[in-house]
Amino acid sequence: LFKSPLVLHQFVRHASETAASLVLERSLNRVQLLGRVGQDPVLRQAEGKNPVTIFSLATNEMWRSGESEVYQMGDVSQKTTWHRISVFRPGLRDVAYQYVRKGSRIYVEGKIDYGEYMDKNNVRRQATTIIAGKKLVIITVFSSSPFLS
């Protein structure tokens with residue numbers, strides 16, 4: 001990650017030894033997801049806030065249980081995790097709203113965000129959202145492709 005000591009100094013800065021020890025560090029909040037869209041995107045705009053395109057994305061984790069790792073032996077188990085994707089970036093937000101559809105296979109890079117909101121019964125709820133960054137790739141396979149014949 002760090003190629004030279006000069007780059008390291010950009011990431012970490014220490015106060016003088018006589019003062020209280022102060023360390024300023026950069027951190028990383030990055031998420032990469034590849035999965036299928038669970039619902040058509042919705043474009044929302046709350047009063048006084050930026051518009052956002054929102055959709056759900058399913059990712060699957062599969063594993064083989066049993067004594068042997070041989071292909072024929074053991075049962076295959078699967079867990080599906082649903083993620084809420086929010087796209088605020090103006091160009092990406094519009095593309096996601098126009099072209100992403102339920103069932104689309106997409107790759108998205110972003111960051112994870114934990115927030116709170118008040119539901120309709122005035123109860124405080126917690127929400128986890130993936131804020132899409134610069135990359136959102138719609139993966140399509142065309143049946144007329146020569147690679148599939």
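Two strands pair if DSSP finds at least two bridges between them. Helices (H or I, at least four residues) and strands (E, at least two) are themselves DSSP runs, numbered from the N terminus. This is a predicted model, in which local features need pLDDT of at least 70, side-chain atom pairs count only at pLDDT 80 or more, and totals for chains, interfaces and linings use all residues. Residues are numbered from 1 along each chain as its sequence is written, and side-chain values use heavy atoms, with hydrogens and water left out.

**Strand pairing**

- E3 and E7 run antiparallel, joined by six bridges.
- Val31 has Gly110 in E7 as its bridge partner.
- E3 also pairs with E5, again in the antiparallel sense, over two bridges.
- Val37 has Leu57 in E5 as its bridge partner.

**The nonpolar core**

- A nonpolar core is a set of buried (under 20% relative accessible area, 1.4 Å probe, protein chains only) Ala, Val, Leu, Ile, Met, Phe, Trp, Tyr and Cys residues joined through side-chain atoms within 4.5 Å.
- The largest such core has 15 residues.
- Among those with the most contacts inside it are Leu33, Phe55 and Leu136.
- The elements giving it two or more residues include strand E3 (31–37), strand E5 (52–65) and helix H2 (90–99).
- Beyond its neighbours within four places in sequence, Phe55 is in contact (heavy atoms within 4.5 Å) with residues including Val37, Ile85 and Leu136.

- Most residues other than glycine have a negative phi.
- Asn122 is not a glycine, yet its phi is positive, about 65°.
- Asn122 lies in the loop between E7 and E8.
- Asn122 counts as exposed (over 50%) because its relative accessibility is 59%.
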